[in-house]
Amino acid sequence: MRTVYALLCLLGTLWPMSWLWPWLAGHGFNLPLLARQAFATPIAGFAWADVLVSGMAVIVWMAAEGRRLGMRRWWLPLFGLSVGVSLALPWFLWLREHHLATRPPLAKP
């Protein structure tokens with residue numbers, strides 16, 4: 001699964017950025033225009049609301065799961081939210097799989 005998650009990190013970075021880079025080339029780092037255009041239509045507002053709530057849920061889950069498993073640096077994929085949930089979530093899942101594969105086995109009672 002780590003390979004799948006790594007590929008999803010790549011896809012989750014390149015595909016969204018392939019939409020953002022041309023926009024930045026044409027408009028620069030104009031955050032007010034970006035926000036207006038992101039919510040310009042009801043369907044765009046729906047999509048962004050979904051992404052924003054999903055991002056909040058991912059943050060809460062990553063914090064809880066990372067702490068529950070005793071993962072080191074569970075917070076690192078939060079930086080992936082600068083690209084989007086499409087990077088942060090598979091990055092965290094990759095780290096989680098790595099943690100589970102390398103931790104010592106639990107002692108049986």
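The second largest pocket has a volume of about 190 Å³. A pocket here is an open set of points on a 1 Å grid over the protein atoms alone, with protein on both sides within 12 Å along at least five of seven lines, and lining residues have an atom within 4 Å of a point. The volume is the space filled by probe spheres set on the points.

A word on the source. This is a predicted model, where local features need pLDDT of at least 70, side-chain atom pairs count only at pLDDT 80 or more, and totals for chains, interfaces and linings use all residues. Residues are numbered from 1 along each chain as its sequence is written, and side-chain values use heavy atoms, with hydrogens and water left out.

Back to that pocket. Its lining includes Met71, Arg72, Trp94 and His98. By class, that lining is four nonpolar, two polar and two charged.

Now the largest pocket. It holds about 850 Å³ of space. Its lining has 28 residues, and Pro16, Leu20, Leu34, Trp48 and Val83 lie nearest the centre. Helix H3 supplies the largest share, eight residues.

So what is H3? It spans residues 42-69.

Last, the core. Nine residues make up the largest nonpolar core, among them Val58, Met62, Trp74 and Phe92. Such a core is a set of buried residues (Ala, Val, Leu, Ile, Met, Phe, Trp, Tyr and Cys) joined through side-chain atoms within 4.5 Å; buried means under 20% relative accessible area with a 1.4 Å probe, protein chains only. H3 gives the most to this core, four residues.

Technical notes:
Helix = DSSP H or I, 4+ residues; strand = E, 2+ residues; numbered from the N terminus. Expected span 1.5 Å × (residues − 1). Buried < 20%, exposed > 50% of the residue type's maximum accessible area, 1.4 Å probe, protein only. 1 Å grid on protein atoms, 1.4 Å probe; cavity = no way out; pocket = protein on both sides within 12 Å on 5 of 7 lines; lining within 4 Å. Nonpolar A, V, L, I, M, F, W, Y, C, P; charged D, E, K, R; others polar.
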